[in-house]
Amino acid sequence: MGKRRSGVWRHFEEEGERKVACRVCRTQLTTQGNTSIMLRHLRRKHPKMMDGLFVAKGSMTSRESCHAEELPLGAETHSCRKSGIIGKKRSGVWRHYEEEGERKVSCRLCHTQLTKQGNTSALLRHLRRKHPEKMDGIFETEEPLATREEGSWQVEEREMEQGTPTFFVSEMSGMDRHKGVRHFESGAAKRKTSKERAEREAKEFTKTCRLTEFFTHPSASEHLVSASASSSSRQPEQVPACDASASSLYGSSSLSTGGNDQTAEEIEIESKHVPPEVQMATTQNYDIDISLWSEHLTKQFIDYWTVNGSESLHHSDAKFLDAKSAVQIDANNVSRKCTPAMFERRNQNGEVVKRSWLCFSPANGRVYCFFCKLMGVSRSQFTSDGFCDWKHANRLVVHEQSKHHIQAVLSAASRAKGAGGIDSKLTMHVGQIEQYWCSLLKRLISVLKFICERGLALRGDDEIIASPHNGNYLGLLELLAEYDDFLGQHIQNHANRGTGHTNYLSSTICEEIVRLMGNEVLNEIISRIKLSKYYSISLDSTPDEGHIDELTLIIRYMEHDTPVERFVKFLPNQGHKAQEMFEGLMKFLADNDIDIQNCRGQSYDNATSMSGRYNGLQAKVVAENHHAIWIPCAGHSLNLVGKTAAECCQEAISFFFFLEAIYVFFTASTHRYAILSDSLKTVASGPVSVPKRISTTRWSCRAVAVKAVVQGYLPIRETLAKIARDENETNKTCYEANGLHDKMCRLETAIYAVFWHDILGRVDATSHALQDPKLDLKTAVAMLKSLECFVREKRDCFHVYEKKGREMSETGDYSQTCKGQRNVRLNPLDFGRSEEAALSQSEKFRVQNFLPAIDQFLSSLDQQLKAYEETCSLFGFLSKLESMNCDEIEAAAAKLVAEYKNDLDQTLGVELVQFTAFFTQFLEDEDDEKGRAHYLYKLLIDKKVVDTFPNVEIMLRMYLVLMVTNCSGERSFSKMKFIKNRLRTTMCHDRLSHLALMSIEYDILREIDFEKLIKNFAAAWSRKVPGL
């Protein structure tokens, strides 16, 4: 039992372990190893007892001395410090530490720096974790080991005197701060302490002088000093000023120390230590008025404004302009003022372009040209007295198109490129800690880019460095650390340190970086969509591995001179109803400030909820914007055509079941599969692929399956016969092989195999061409029509397929079918009918199985092509411009203007006539693969004639953004299946969208410069790095 030295024990007596009772009011209290609870009770309930409570040790009574001797050695209470034994380090823990400054100590064993909080809890915790062998006998000494700094208790004494309770944790309790019972101050006590601390800080802050008081503001005469005199002067470099009037407006101040007595350290300011940009920033109201600029501007002044731009000089707020603008009154007594509309230029299609060169002067209420006044290339109203003829505001357009204005803009751009930015100097002042984390983040982001663009998993079973189960992220960092000294040193010093130690290697930081990177890619795509203005949309849904419906959103727009289709995100589960999907789409567009009125097309599959004429998703979007033309997905339409043709008759259905049975039979046994593979290798034309599986949605699989059977028809048939005769095989296997062999020996099977091989081969090639995201509508329709012509020509080629079928099946006879005899007794006596026409087996197969498949294919394809007629009637003339006369071109243009009157004006016809004569000079350079419209738009951009044909450019842009297929949505589902596989089914929706976005749009991920993200992240999350 330690000694109790505190005088508070004279008012309390013990009643059990950690239980005491007040001698005055008999209130029972629970102590925590010190007297804080008892002091607080006396201060609140018996304040008069506090007088004379802290007396010297020698003046205590015998009973008080007895109780004082029972105080634990490690529990240095506040009363002990008041009684004259301040600064004694009585804890044995100090034998292993040495002080290195205020509240800083260093471990004598491992030299780790720690921060103490007025007690030895942190020191004990470090010994317990890192050096547990040193804990034995640490509390046995009673001699003071060191002397505390006297100032370390001053704050606590002041808080005790002001009535603020102070809590001390017993050093002998041996409890970690993360374990066991924790005790906190009350809310009122915390608020009182915080308020008093804020008052003290405010009091100290009033004694500190401001930074601007150390600088003197320049006068107008100081700028007239010659260069030689300026270079020899020791005065600080002056801010480039305008003229005397500006100096009087801004005012000046002298150097002031703010009342501080700086006897310990003198402050010396030299010009080489104060950059000009900092001096500019400290000058009050330096950049408010362009009319106060001097006619003779200094080099520093011009360099400053060319780098920082004119944004701070615009003053284009409506209320400000109404209050400060000069008033123009004409003969009709109509007053006019400067308006915010003068700071913008609106194109015919509604696009708004800000006039960054126009600046308003609050001093005289007039406007000036920033570039012309800054560069001084010409003298006009926009550079001298200011422009205020608001009635003839169209002179702003004349000025911005003038030769002198363009020359001034180019000169300013060249000057800004050579002058460099203020950021390059501010980065020199970034601290070592932020630079350290920036260097580490660059490596982390590079690793994450590598993993995310490949769709790989990030984390493993643990987060331990050097563990084989720590995942791809930490594993790649370990690999890089072998060749990167900085990363290797960081991992060695900071890895595997547990919670509470910042190392940026945890899964929390990893997920945060992934989220920020995904948002950067999404914001980049959205900014490009807004720059293109016009766009088309496509939506589709499918369930993921977690049995959650994912609705993918694809947007097609123009990037420079090329149409692109970008995956944007997986929208949260919206359901399968058209209204729910429409609300989810509109919410996304509204959240990202994308105008639905700029949507020019939409493409979905042929599901009822998507393509319904009255209640489908396309109908709801058209009701919101009638320019959003619905175009059925050409890829899905072609698949539907093939599906209807393959199900037109019983023989066709039986043929595709036969292909599936061939695949199932050989893949069900590795022995049979090996026999077939060896047999296919002996084909004279080269190795042939084994039979493939039939898919109901991927028609390329049907084409590949038919191709494999046609090329390996003879080896497959021989293999089936060999297996059927094998006595080692089971009866069931022999029976199945014999049935398939008999099927392949039929002439009908061979004819259908050759026929579907030709048809599905061209369908597959056309389908692949339609999946190109750069394809335009006219080219897609042309491909479908060419396929229709190909199939129509095959209608008269039955004899060709029959000949090839006889060669493959090695038989010339059709299968005999039993013909049922009609019961004559069912007919009335007077019934009479002519004899049925006798058809040969060949003609019968042609009429019943061959022609129905072709006719059904042509009929379905023709029906799908009708859906594109309306759109093709608007833009179809673009493919034959050179063969049209002027009247035809103007008539087609007038039809477009009537449809898009808010985007195109009446001069489109005239522009098209001239543009036709222009592009015919470059027809020999046309690329037929990309299509005529794409070539024309690329020609406009490459030849830089957009300003000459603005309406033609808008028309081509609207046409090229029309969505042709939603194959990009299907590709996003394939990537989703790869990312959210059966091992990652718990992945949240936002994380799936971010990972899929970075994997699908990997080209944008590679283009984005994450330097700004790294700096912002390091500044917000930077922590102290030991050793820096």
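Two strands are taken to pair if DSSP finds at least two bridges between them. Helices (H or I, at least four residues) and strands (E, at least two) are DSSP runs, numbered from the N terminus. The structure is a predicted model, in which local features need pLDDT of at least 70 and side-chain atom pairs count only at pLDDT 80 or more, while totals for chains, interfaces and linings use all residues. Residues are numbered from 1 along each chain as its sequence is written, and side-chain values use heavy atoms, with hydrogens and water left out.

Strand β6 (residues 104-107) pairs with β7 in the antiparallel sense over three bridges. Within this pairing, Val105 stands opposite Leu114 of β7. The two strands belong to an open sheet of three strands, ordered β5-β6-β7 and antiparallel in its pairing. Its edges are β5 (97-101) and β7 (113-115), each of which pairs on one side only. On average, neighbouring strands of this sheet are turned by 35° against each other, direction ignored; axes are lines fitted to C-alpha atoms, for helices over the stretch in contact, and angles run from 0 to 180 degrees between N-to-C directions.

Helix α4 (residues 121-130) packs on the sheet and touches β5, β6 and β7, its direction making about 140° with that of β7. Contact here means heavy atoms within 4.5 Å. In α4, the residues Ala122, Leu123, Leu124, Arg125, His126 and Leu127 are buried, where buried means under 20% relative accessible area, exposed over 50%, and partly exposed in between (1.4 Å probe, protein chains only). The buried residues of α4 pack against β5, β6 and β7.

Cysteines can be considered next. A search of the whole structure finds zero disulfides, a disulfide being a pair of cysteine sulfur atoms within 2.5 Å. Cys107 is buried, with a relative accessible area of 1%.

The largest nonpolar core has 108 residues, of which Trp756 and Met955 touch the most other members. Such a core is a set of buried Ala, Val, Leu, Ile, Met, Phe, Trp, Tyr and Cys residues joined through side-chain atoms within 4.5 Å. Helix α29 (residues 747-770) gives the most to this core, with 12 residues. Leaving aside neighbours within four places in sequence, Met955 is in contact with Phe875, Phe877, Leu878, Leu896, Leu904, Leu908 and Leu912. Apart from this core lies another, of 77 residues, including Cys452, Ala495, Ile526 and Ile537.

Glu802 lies in helix α31 (residues 798-809) and is buried, with a relative accessible area of 11%. Not counting residues up to four places away in sequence, Glu802 touches Leu747, Ile751, Tyr814 and Ser842. With Tyr814, the Glu802 side chain makes a side-chain polar contact of 2.5 Å; a polar contact is a pair of N or O atoms within 3.5 Å, where within protein one must be able to donate a hydrogen and the other to accept it, and residues adjacent in sequence count only if both atoms are side-chain atoms.

Lys577, by contrast, is exposed, with a relative accessible area of 58%. Lys577 is found in the loop between β17 (562-571) and α20 (578-591).
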